[in-house]
Amino acid sequence: MATMSLQAAYDQARSYLEANRVEQAIGVAQHILEHFPENLEAHRILGEAHLASRQYDQAEAAFTRVLLADPENIPAHVGLGFTYERQGKLDQAVTELEQALEVRPDMPELRSHLLRLYTDIWGAEGATLRLSRPGLARLYAKGHMLPQAIQEFRSVIEEQPGRFDARVGLAEALWRDGQEQAAVEVCEEILAERPDVLKANLLLGYIKLANSDVGGEVYWRHAQQLDPYQAVARALFETLPDLPGPDLQVPAWDEDAWAARRQREAEERLAVEAAPAAAPAAAAPAAAAVAEEDDLFGASWLDAAVEQPAAPRSESGGTTGDYDDFLASLLASDTTPSLPAEEGAAFDPAAEITPFSFDELDFEPAHSPAATRPVSVDEEAPAAPAAREEPALEPFSLADLGLSEEEIAELEAPAAPAAPEEPALEPFSLADLGLSEEEIAELEAPAAPAAPAAREEPALEPFSLADLGLSGEEITELEAP
């Protein structure tokens, strides 16, 4: 049986999305999931394909599946946000897009789109971006101000226990701050409620394996099933545990066999639905309807936003590019598809069939709660709203997020701990010690001990033998031998 690499299967699904062959993209994604059922990338591609084909319930389920395991996944938050927006669920759309912006606040297109949503919901006076506490915690973490990040994350979790993205952020901040045991406890609490959270499995597995605890292998291998190419692990750790990864091969996808199976399923559905006295005109085959819809819809906005030039791949087939760079380039304006109609053409609210892009989001039904009413095919379409003036995009500034000058100064230049100022040194004085003048005089100039006075030498007189008490005869004998 012919096989293909998992990466090649990803690429094949995305090439189908680019070519607006949405059903084929769904088929490839489902083919991957038959062999890697927990693969988050395949679930995300499936969500993008369902969003492109306006199958919103399926798109919501796929993106939600990704976020349950990776609550910091920006593309999944954005995809789910746009899924909600297309259904008129603007409050839920705002929530998802705000969480994406908390992870990466330097995305101008995302900030601009949120401002437009705020304007539609609350009016121009409410169109202001404010830095949330989770966003502040992440800014602290990115600035290596880990104690402040930990404090903010704990406050968020206390107020909103369901914010698993904040729990994951707390676990990572604790680990980076060297508080391994605290990080382990947070990870275990997360996995007790959601066993599939990717980063909690990675952190717990890494810490245990680093401490020679073989129990960490279970967590690490589960993370490999969620992220086979270990993109998140490579972004998180400098070196990975020396454990073999899964076999990154899948059977090659057979489009002809898939099409034949799909046709049989469509015929079986028609046969079941058809009654003996069915209406004379049978419904058109589902496949033809879907194919026609694909031609009208065009490539999904999220595919164009996410698709990037292929990063260099390692020998094992995984990408070696920087994961943060991939996320930073998400939603780049130069990758969004242009509308197929002539430039500047107004959007027809009744049609509701165009490629999904950021530039398209000015149409009324996608934003205004009052305009989410379905338009009947027999009803004359309302005039297209005049194009609104887009808010000017300015360079990203922390001041835009409502921070005070003190907070901005602290975040922009987290100064290293200042060296304590040395006290000025003055000449040392014995008077500072409280000594009396006599004591100071004695200490400052101790008198050298006086040399002993020279003794008066006795006068030497000529030596005489008579001085020895000798007699004259003895002296005469000695002097003249």
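Is Glu172 buried or exposed, and what is its relative accessibility? At 16% relative accessibility, Glu172 counts as buried, where buried means under 20% relative accessible area, exposed over 50%, and partly exposed in between (1.4 Å probe, protein chains only).

Before the views, a word on the model. This is a predicted model, in which local features need pLDDT of at least 70 and side-chain atom pairs count only at pLDDT 80 or more, while totals for chains, interfaces and linings use all residues. Residues are numbered from 1 along each chain as its sequence is written, and side-chain values use heavy atoms, with hydrogens and water left out.

**View 1. Lys199 and Glu172 pair up in a salt bridge.** The closest N and O atoms of this pair are 2.9 Å apart. A salt bridge here is a side-chain nitrogen of Lys or Arg within 4 Å of a carboxyl oxygen of Asp or Glu. The two partners come from distant parts of the chain: Lys199 sits in helix H12 (residues 198-210) and Glu172 in helix H10, 27 residues apart. Helices (H or I, at least four residues) and strands (E, at least two) are DSSP runs, numbered from the N terminus. Lys199 counts as buried too, at 13% relative accessibility.

**View 2. Arg167 meets Glu193.** Here the closest N and O atoms are 2.8 Å apart. Arg167 belongs to helix H10 (residues 164-176) and Glu193 to helix H11 (residues 180-193), so to speak two distant parts of the chain, 26 residues apart. Arg167 counts as buried, with 12% relative accessibility.

**View 3. Arg262 reaches Glu23.** Their side chains form a salt bridge at 3.5 Å, N to O. Arg262 is partly exposed at 22% relative accessibility, whereas Glu23 is buried at 12%. A search of the whole structure finds 19 salt bridges.

**View 4. The largest nonpolar core has 40 residues.** A nonpolar core is a set of buried Ala, Val, Leu, Ile, Met, Phe, Trp, Tyr and Cys residues joined through side-chain atoms within 4.5 Å. Among those with the most contacts inside this core are Leu170, Trp175, Ile190 and Phe237. Several helices give two or more residues, including H8 (133-142), H9 (146-159) and H13 (216-226). H10 gives the most, with eight residues. In soluble globular proteins, nonpolar side chains tend to be buried together.

**View 5. Ala166 is a buried residue of helix H10.** Its relative accessible area is 1%. Ala166 and Ile150 are 16 residues apart in sequence and 9.8 Å apart in space, C-alpha to C-alpha.

**View 6. Helix H8 is mostly covered.** Seven of its ten residues are buried, among them Pro134, Leu136, Arg138 and Tyr140. After H8 comes His144, whose phi is positive, near 60°.
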